[in-house]
Amino acid sequence: MQKVLSTLGLLILVVGLLWPWLQKIGLFRLPGDIVIENENSRFYFPITSAIIISLVISLLLWLFRR
């Protein structure tokens with residue numbers, strides 16, 4: 001459990017440090033991401049971005065287990 005929490009913390013740290021560059025490449029503004037805007041609110045659901053991130057993480061985990 002300690003290894004999982006340490007890895008998760010490290011992953012959050014890396015994403016936090018890379019956040020300015022992730023926004024520049026447009027990762028969270030892909031076609032297929034749902035954005036609903038009203039006068040006073042905004043709902044954002046990144047379906048396509050979540051699928052891409054899931055595929056990358058799955059690929060990395062598969063490579064590390066080999």
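**Close-up views of a predicted model**

With a relative accessibility of 44%, F45 counts as partly exposed, and this value, like every other one in these legends, was computed from a predicted model.

**Figure 1. The aromatic pair formed by F43 and F45.** How many aromatic pairs does the rule used here find? The count comes to 1 aromatic pair. F43 and F45 are its two partners, and their rings are stacked, with the centres 6.4 Å apart and an angle of 5° between the planes. The angle falls under the 30 degrees below which a pair counts as stacked, and the distance between the centres lies within the limit of 6.5 Å that the rule sets for a pair. F43 has a relative accessibility of 46% and counts as partly exposed, and F45, at 44%, is likewise placed in the partly exposed class, because this class takes in the values between 20% and 50%.

**Figure 2. The hairpin of strands β1 and β2.** Strand β1 covers residues 34-37 and strand β2 covers residues 42-45, and the two run antiparallel, joined by 4 bridges. The link from β1 to β2 is a hairpin, which passes through 4 residues. Which residue of β2 does I36 face? I36 stands opposite F43, and F43 is the residue whose ring stacks with that of F45.

Figure 3. Which residues does V35 touch once its neighbours within four places in sequence are left aside? The contacts of V35 are then with R42, F43 and Y44. V35 can also be compared in position with P46, which is 11 residues away along the chain, while the C-alpha atoms of the two are separated by 8.2 Å.

**Figure 4. D33 in the loop between α1 and β1.** Is D33 buried or exposed? D33 has a relative accessibility of 12% and counts as buried, because that value is under the 20% cut-off. D33 sits in the loop that lies between α1 (2-24) and β1, and its side chain makes a polar contact, at 3.2 Å, with the side chain of Y44. The side chain of D33 also reaches the backbone nitrogen of I47, at a distance of 3.4 Å.

**Figure 5. V15 and L10 in helix α1.** V15 is placed in helix α1, and with a relative accessibility of 34% it counts as partly exposed. L10 is found in helix α1 as well, but its relative accessible area of 53% makes it exposed, because values over 50% fall into that class. V15 and I53 are 38 residues apart in sequence and 12 Å apart in space, whereas L10 and P20 are 10 residues apart in sequence and 17 Å apart in space.

**Figure 6. The whole protein, as a setting for the close-ups.** The protein has 2 helices and 2 strands, which follow one another along the sequence in the pattern α-β-β-α. Its radius of gyration is 15 Å, well over the 11 Å that the globule rule gives for 66 residues, so the protein is more spread out than a compact globule. Taken along the principal axes, the box filled by the C-alpha atoms is roughly 50 × 25 × 20 Å. Buried residues make up 5% of the 66 residues, and D33 is one that counts as buried. Of the contacts with a separation of 6 or more, 6% are accounted for by residues 24 or more positions apart. The protein exposes about 6,200 Å², of which carbon and sulfur atoms supply 70%.

Technical notes: Residues numbered from 1 in each chain as written. Predicted model: local features only at pLDDT ≥ 70, side-chain atom pairs only at ≥ 80, totals over all residues. Heavy atoms only, no water. Pairing = 2+ DSSP bridges. Phe/Tyr/Trp six-rings, centres within 6.5 Å; stacked < 30°, edge-to-face > 60°. Buried < 20%, exposed > 50% of the residue type's maximum accessible area, 1.4 Å probe, protein only. Rg over C-alpha atoms; globule rule 2.2 N^0.38 Å. Contact = heavy atoms within 4.5 Å. Areas by Shrake-Rupley, 256 points an atom, 1.4 Å probe, with all protein chains shown as cover. Polar contact = N/O pair within 3.5 Å; in protein donor to acceptor, adjacent residues only side chain to side chain.
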